[in-house]
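Please look at the sequence and the model first.

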Protein chains: 2
Amino acid sequence: MSPLSDTNEEGLNSKPKTLSSVITGGGSGMRIIVPLQGVVQGRGGLVLGSVIPCALFYFLQLYLKRNRSYSDSDSPSASSASSPSTSSGDLVNLSRSHSRTVLSPRGSSGPVLVSTRASNILRGESAYHLGLRKCKEDEYDPETNPDGVIQLGLAENTLTLDLISEWIYVNKGNFLAGNVEEDKRQTKLSVNGLTTYQPFDGIMDLKIVFASFMNQIMPGLVSFCPTQFVFTSGATSAIEILSFCLADAKNAFLIPTPYYPGFDCDIKWRTGVELIPVPCRSGDDFKLNIPDLETSYNQAKKRGLKIQAVLISNPSNPVGNVLDRESMYDLLAFVREKNIHLISDEVFAGSTHGSDGFVSMAEILETEEDIDRSRVHIIYGLSKDLCLPGWRVGAIYSFNENVLAVATKLARFTAVSAPTQRLLVTLLSDINFIEKFHKTNKARLKKMYNLFVTGLKDIGIECCKSSVSGFYCWADMSKFLRSYSERGEMELWDKLLTVAKINVTPGSSCHCIEHGWFRCCFTTLSEDDIPVVMNRIKKVIESISTH
Amino acid sequence: MSPLSDTNEEGLNSKPKTLSSVITGGGSGMRIIVPLQGVVQGRGGLVLGSVIPCALFYFLQLYLKRNRSYSDSDSPSASSASSPSTSSGDLVNLSRSHSRTVLSPRGSSGPVLVSTRASNILRGESAYHLGLRKCKEDEYDPETNPDGVIQLGLAENTLTLDLISEWIYVNKGNFLAGNVEEDKRQTKLSVNGLTTYQPFDGIMDLKIVFASFMNQIMPGLVSFCPTQFVFTSGATSAIEILSFCLADAKNAFLIPTPYYPGFDCDIKWRTGVELIPVPCRSGDDFKLNIPDLETSYNQAKKRGLKIQAVLISNPSNPVGNVLDRESMYDLLAFVREKNIHLISDEVFAGSTHGSDGFVSMAEILETEEDIDRSRVHIIYGLSKDLCLPGWRVGAIYSFNENVLAVATKLARFTAVSAPTQRLLVTLLSDINFIEKFHKTNKARLKKMYNLFVTGLKDIGIECCKSSVSGFYCWADMSKFLRSYSERGEMELWDKLLTVAKINVTPGSSCHCIEHGWFRCCFTTLSEDDIPVVMNRIKKVIESISTH
């Protein structure tokens, strides 16, 4: 129990009890007034003289608290339980006061207590999540809601959904039909592959086509092996299970910053693993360097933390750059020297648009003999490279038999449903479609990236030059900050969200140590949206410049 | 770190260090002999005299331990890491020694370490899981593998799969086609509902039809509310998330025994919540009584455990009986008095075959005004009542806003994929089909139950009379135990698995305090299989009787 919840749980209860026993000890409710008169007239005892002001103060607090919590949220529904208002200035305070309504005291008319760890999850909300939610509540649509919030905060790609749509139109029902054909021959086997218990870590058919798919769309020579996969309900779940396997609660991972803000939920919430930032800087084009890794490692060790892994995203989210081969060898040497693991999150591997080549950690391990593969683990999924986040398909790809064995057992909590697996087997087997989709998607990604970055440049905003992949650019708006600080960054973010009605992800949500950087996702926009976005941003930065 | 793993990881390393420093302190390796001579000849000091026997004993232990672990596993592959041999006599020892190969020490040629909690998951395997695995490796098929193991250990129902198969045949592609129609009108919205990010806790369309479905198939007057659902990847995940929300690690739930063996994984593995058994007895038809609950509660409190909830399965798994209304009111009064939660696992709610009526906790809460709903949570899913375990659809149904808010956030780890959700919306909307399916399924369930229980009776095995639901009967084979003990029960279980080639779940896996009870699932059998099953069991029990 945290000190805060303890105070709520017992402090608030015990006070009224003491009070009422003192008060009613005198006889009826009317006596409440009498001792007060007694105190005023100098006839009251020491006990009543101190208890009554305390009680009054307590009821005053209670009254203020209740009024405050009602004004925060109009309806106490599940979705609004963690809904601070839009104004970012009050962000921290608001989420705090909400957590108090969550932790309503025992025995009161409020709900019975949830666990401390559950309360912690409700407490507070990062600007990243707040922006996503605000946008959802009032989403821009050129026709139906032209004044709505434009979403540049979600790394989702709809640029090539038309091809997926076409494929579904042509193939609809094929994956189900396959089973029903069987059905005609033998009732008992009928829909078995579709309805009955399947291996939680994924059916072998899927593992085989999934490995081929990765070999097909990843640049370079890779050869993923079907038996090294454990599928999960999205990459979110893959990273959580992997964290559980590699580290105990209060152990830590080193992670270069800026990093994907979702990791704070994915890794910390349930596994209790800590993330130790390793700062990367604009001067190095936000590239990781090993001496910084070494420094963070040593500092963490001094604090008594047990470092269990280095976690990188390659291609990087939010910067969009990729690791060069030399850095990858250095990283492998580092984790070997420290005897720790290396997690390579490669969910954007097939979504490159620049000329600098992405290299999968799997390729490095294949070409080098003298590497201890058992400490290397890759995270992958179909949300990014196949534009299918709604399908919730993630994968752990590991070279470590124990990790695979545990992850297979934990997959019971997060299995991909059989219809989706069967649908995927059909889709990923269609290598001509995959080829066409991948080529088209990369070309559209490149075009949109160039349009968007040029648009920003035209209004005076430069982006990180080393970006070659992902659905976003990493934009430097530091010169528009009124103060070079996190506060200054949040002020600009708030203006963009509430005035320009543009939701972007501030660098602080990504733990960037430099201020004024923003991740802007452009892959749910149409080309027509770009001038709208630029005009909106322009107005805000002009108002700042002339202020 | 558990004490055991500490010994493995550091103890084994540190002991030789101390020892060698003592030994080499004298000079060269040859000196090892000299002090021994010294001790023998009476010239040795007290220190050496005690260190050397200890060292010898230590190396002897080390030698024995290594030899033992090698003989256990021929290949240290992932799949065999937790594969004890079939012989149940060595079950406990085998799983223990296996865990040592998993925890290979740092710096050795073995793989880099996984976390302690991950190792704990690999350590050991209950008879329930071992039986399931053994059966999978050599599964009975009347035509292709007539000597294989017959599966009575998995609560899966294929009795009415033909209807599901027929429905899919008629409706194939409908759920996808709906989106493609839209596609013709507007490319951007096209396959959005099928491919893009959807609410992790489930789309509202599904919540609405799911609530109707539960209202339709649950006996009695219930009215489930769509906004109180959070969907998860199977009920397995629903119970885990709920446990996380209601209790912190090392808190505990009270749970009547015998209970579903999967709870030990679902609840303990990752949430760290402990399960305190509340024994039910054959004399009471395995019905829960409140004084026993009270006793277990008080004993646990004395041990310093914080009890956060009572977890019941109603209908019960493995017994198949249901709670009567009076017991339900008593339970509600109990949790209110203790100010704790009540979790009602109702996954078999629609799979009753007897005349005694199941009553959902939701019905009780609806009909009574004076109940604090916020402490009551229901677990449900489609694996049992709709014969769709492969679809991985579970649900938390809660009356507590905070629990719903946290579960909604945690659903990011375990979301049901959009194609499956869309497919389900189509299926559950077809209320005529659901009606027909449900009626047929209950009739077939009843018929199979009667056939199976009669078959057992004919060979001298009685089942618990109060069973009115589920895919199993709860069979009393205590009179065939060679010794009335857990060991005796495991001997019989092993004979059934290896000689009769019948996999059943022993009561000990369900934490039953009485010996000789077995859960036998009959819903994946055909009627023709029943005589085969009975003959096989008969041979084993006859061999015991004549032994």
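Is A:Lys134 buried or exposed? A:Lys134 counts as buried, because its relative accessibility is 14%; buried means under 20% relative accessible area, exposed over 50%, and partly exposed in between, with a 1.4 Å probe and protein chains only.

This is a predicted model, in which local features need pLDDT of at least 70 and side-chain atom pairs count only at pLDDT 80 or more, while totals for chains, interfaces and linings use all residues. Residues are numbered from 1 along each chain as its sequence is written, chains are lettered from A and ligands numbered from 1 in the order in which they are written, and side-chain values use heavy atoms, with hydrogens and water left out.

**Salt bridges**

A salt bridge is a side-chain nitrogen of Lys or Arg within 4 Å of a carboxyl oxygen of Asp or Glu. Over all chains, this rule gives 42 salt bridges. Three of them are listed here.

| Side chains | N to O distance |
|---|---|
| A:Glu137 and A:Lys134 | 3.6 Å |
| B:Lys134 and B:Glu137 | 3.7 Å |
| B:Glu240 and B:Arg270 | 2.8 Å |

Helices (H or I, at least four residues) and strands (E, at least two) are DSSP runs, numbered from the N terminus.

In chain A, A:Glu137 and A:Lys134 are separated by about one helical turn because they are three residues apart in helix α6 (residues 127-137). A:Glu137 counts as exposed, at 52% relative accessibility. A network of salt bridges links A:Glu125, A:Arg133, A:Lys134 and A:Glu137.

In helix α6 (residues 127-137) of chain B, B:Lys134 and B:Glu137 are likewise three residues apart, so about one helical turn separates them. B:Lys134 is buried, with a relative accessible area of 17%.

**Strand β7 of chain B**

Strand β7 (residues 376-381) of chain B is mostly covered, with six of its six residues buried. B:Val376, B:Ile378 and B:Tyr380 point one way, B:His377, B:Ile379 and B:Gly381 the other. In a regular strand the side chains alternate between the two faces of the sheet.

Two strands pair if DSSP finds at least two bridges between them. Strand β6 (residues 341-345) of chain B pairs with β7(B) in the parallel sense over four bridges, and B:Ser344 stands opposite B:Ile378. Strand β8 (residues 394-398) of chain B runs antiparallel to β7(B), joined by five bridges; there B:Tyr397 is the bridge partner of B:Ile378.
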